[in-house]
Amino acid sequence: MTSINKITFRDDGSPYSEKFNDIYFDTESGYQQSEHVFIKGNNIAENLIRGAKEFTIAETGFGTGLNFLLTLRLYKKLAQSHQLPVLHFISTEKYPLTKKQLVKSLASLNALTDEKDELIACYPDSPVYLSELQGELQPRQKAECLFFDNKIKLTIFFDDSTAALNAIKLPRKQQGLVDAWYLDGFSPARNPEMWQDALFAEMARLSKPQATVSTFTIAGFIRRGLEQVGFRLEKKQYLGNKNEILTGKYQQNKLQGKGYQLRPQITKPQHVSIIGGGIASACAAYLLTKNGIKVTLYCKDIKVAQGASSNAIGALFPLIHQQQDDISLFYQKAFSVALNFYNELDAQEYHFSHNWCGLLEISYKTSLEKRQQAFDKIQAWPSELVTSMDKLQASQQAQIPLEHGGLFFPQSGWIAPQELVEQLLKAAAHTNRLRIETSTQVSSISQQDDDSWRLKTNKGEFNASVLVFCGGADGIKINTIDDLPLSSVRGQITSMKTNKHLGKLNTVICHKGYLTPEHKGIHCIGATFDKNSFDTVPRDEDDLYNLTMLEKCLPELSANISSWQLSDIVTRKARLRCMTPDHLPMVGAMPNIKEHIANYQHLAKDKNWRFYQPAPQIKNLYLLTGLGARGLCTAPLLAQILTADLTGAPYPIDSDMLFNLSPNRFVIRDIIKRKYS
């Protein structure tokens with residue numbers, strides 16, 4: 001039987017539940033604690049601003065209505081400057097307050113006077129009634145109220161949270177209802193009957209992809225219960241009596257029948273071994289050590305950043321097509337993450353040479369002019385990402401005369417990659433969790449009976465509890481990893497001596513190759529693309545190719561400004577890019593390809609066949625590779641994904657994009673294309 005919750009009021013006027021021996025809200029921090037846990041914990045302001053037509057928040061434990069009142073106040077404030085979606089706030093309450101109790105409970109919240117008056121006006125006088133049939137108090141089924149010109153709807157189910165949520169039915173093809181969860185209520189120790197696996201299962205059923213969740217409790221069984229149904233979670237620190245809260249996202253939907261897209265859940269490792277020595281390895285080591293994981297880095301060279309990351313100057317810019325397709329959206333996201341990542345590193349006093357001076361993609365031929373016109377017409381991208389320039393604007397931006405306009409990326413620029421890698425590893429080393437083994441070439445790997453790994457190297461053998469490969473094209477020659485469709489593309493960069501004319505260049509220029517502004521007396525030009533090559537010896541003919549390509553694409557620059565000759569070459573380097581067939585990198589667990597073929601063979605007959613078993617993986621082996629020519633752009637985001645894989649934290653991208661980066665995407669596609677007999 002559900003009854004009115006017996007409450008008392010303390011000297012400061014705050015309500016206290018006698019049934020659960022617990023407070024309704026913390027009087028010391030007032031409503032600020034609820035605001036931090038639920039409003040900020042779910043990023044409600046940001047999500048409302050970018051929301052679609054309707055945004056739904058679901059709450060367990062309406063209590064005094066404090067969380068709703070804070071949400072109502074925020075909505076009103078945001079609506080003054082933004083077009084917001086309709087808000088539906090769904091809450092549950094098994095032991096509801098009477099209106100009289102509610103009025104007294106909210107009396108001390110002076111900052112919410114207008115909002116609490118609105119709630120009190122529509123709240124039922126008594127949320128329970130005397131049943132003539134049963135002779136006892138029974139809850140009303142629900143109460144519904146409208147606020148703010150009907151833009152906000154409040155629905156309170158007076159029932160157990162699990163039962164109330166179970167009563168909400170979804171249309172057959174609808175992917176969830178709820179955008180954000182306020183997982184509130186009395187503490188699990190005081191109210192254990194609410195905090196059950198059945199509740200978490202209902203939350204998963206009703207969640208939209210990427211639905212957020214926040215709760216004040218960090219109890220282990222609650223975290224495990226939420227993770228089991230598909231939420232990715234992380235602890236966050238904040239001020240107040242509750243020092244840590246739990247936040248997360250619904251990102252591993254186990255109900256949609258695409259088990260091959262599910263990533264493995266592992267216990268956060270204490271130690272990780274990384275094979276590599278460039279930007280991918282450095283970003284991974286930096287983030288893992290920051291998250292409390294010890295890292296040993298095995299680098300084949302005498303010092304780090306001797307592969308593609310050894311170039312004197314590298315361009316940072318996204319790959320953007322005319323339309324917002326999957327590959328462009330990925331690079332847009334990666335570029336944004338990279339900018340923030342590098343700026344934060346620099347702000348921490350780990351300095352490296354760089355300049356966000358912008359980048360010009362020159363429309364040096366008719367087809368590129370038509371492409372630029374299409375960008376102008378479609379307007380698929382924000383101007384802060386890319387904008388169109390005529391030749392006069394381009395010349396002014398570059399500060400040298402140009403004969404063509406192009407697409408300008410105002411936030412792009414250049415970085416000294418070797419310095420960047422060194423600073424990332426320096427920052428990681430300052431956590432006292434990083435050890436670097438240089439001149440250590442890994443030739444083969446083997447899995448042990450306990451699922452750990454044994455690394456065979458030129459310096460002997462090493463053990464790895466969890467192994468992450470970040471070694472680029474070297475993976476093509478390492479067993480197990482060589483089962484993946486990776487290829488090597490050789491590229492040679494030529495560094496040219498600056499002169500008084502080109503020294504004025506103020507932005508990176510891309511044509512068929514690229515030209516960087518001056519840094520330490522040189523400009524970098526390039527680069528060649530030689531498929532399936534592992535040769536890293538520089539060639540004279542490749543230097544000539546780079547110069548000829550510049551002259552062919554930008555003759556006005558070569559004839560009137562640079563006049564470079566072979567004698568102006570300062571240095572040159574040939575390095576290897578690791579590529580994938582779809583030109584997207586890969587990050588995640590190494591797939592067990594044989595078991596994929598056996599488990600998912602019915603996809604060859606019906607690509608929409610539903611599979612619920614998770615993707616079979618080779619335990620404790622992860623990859624971050626295939627970055628191609630845009631490692632500076634993609635490495636930070638990929639390292640964030642890897643870190644989430646290993647810590648259980650929310651992924652920084654949605655599930656569709658995540659699968660587009662998964663190493664097992666190729667075997668699934670090949671099964672669908674019937675490439676396996």
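This is a predicted model: local features need pLDDT of at least 70, side-chain atom pairs count only at pLDDT 80 or more; totals for chains, interfaces and linings use all residues.

For the chain as a whole, the mean pLDDT is 92, and 94% of the residues reach 70 or more.

Next, the annotation. UniProt, in an unreviewed entry, places the domain "FAD dependent oxidoreductase" at residues 272-643. Over residues 272-643, the chain is 30% helix and 27% strand.

Now a sheet. It is open, has 3 strands in the order β23-β24-β25, and its pairing is antiparallel. Why is one side of β23 and of β25 left without a neighbour in the sheet? β23 (442-447) and β25 (460-464) stand at the edges, and each has a single partner strand, so one side of each has no neighbour there. From one strand to the next, the twist averages 25 degrees. Strand β24, residues 453-457, is joined to β25 by 5 bridges.

Last, a single residue. Ser655 sits in helix α18, residues 655-660. Is Ser655 buried, partly exposed or exposed? Its relative accessible area is 22%, so Ser655 counts as partly exposed, given that buried means under 20%. Leaving out residues up to four places away in sequence, Ser655 touches Gln210 and Gln251. A polar atom of the Ser655 side chain lies 2.8 Å from the backbone oxygen of Gln251.

Methods
Residues are numbered from 1 along each chain as its sequence is written. Side-chain values use heavy atoms; hydrogens and water are left out. UniProt positions are given in the numbering used here, feature names are shortened, and annotations may be inferred rather than shown by experiment. Helices (H or I, at least four residues) and strands (E, at least two) are DSSP runs, numbered from the N terminus. Two strands pair if DSSP finds at least two bridges between them. Axes are lines fitted to C-alpha atoms, for helices over the stretch in contact, and angles run from 0 to 180 degrees between N-to-C directions. pLDDT is the predictor's confidence in each residue, from 0 to 100. Buried means under 20% relative accessible area, exposed over 50%, partly exposed in between (1.4 Å probe, protein chains only). Contact means heavy atoms within 4.5 Å. A polar contact is a pair of N or O atoms within 3.5 Å; within protein, one must be able to donate a hydrogen and the other to accept it, and residues adjacent in sequence count only if both atoms are side-chain atoms.
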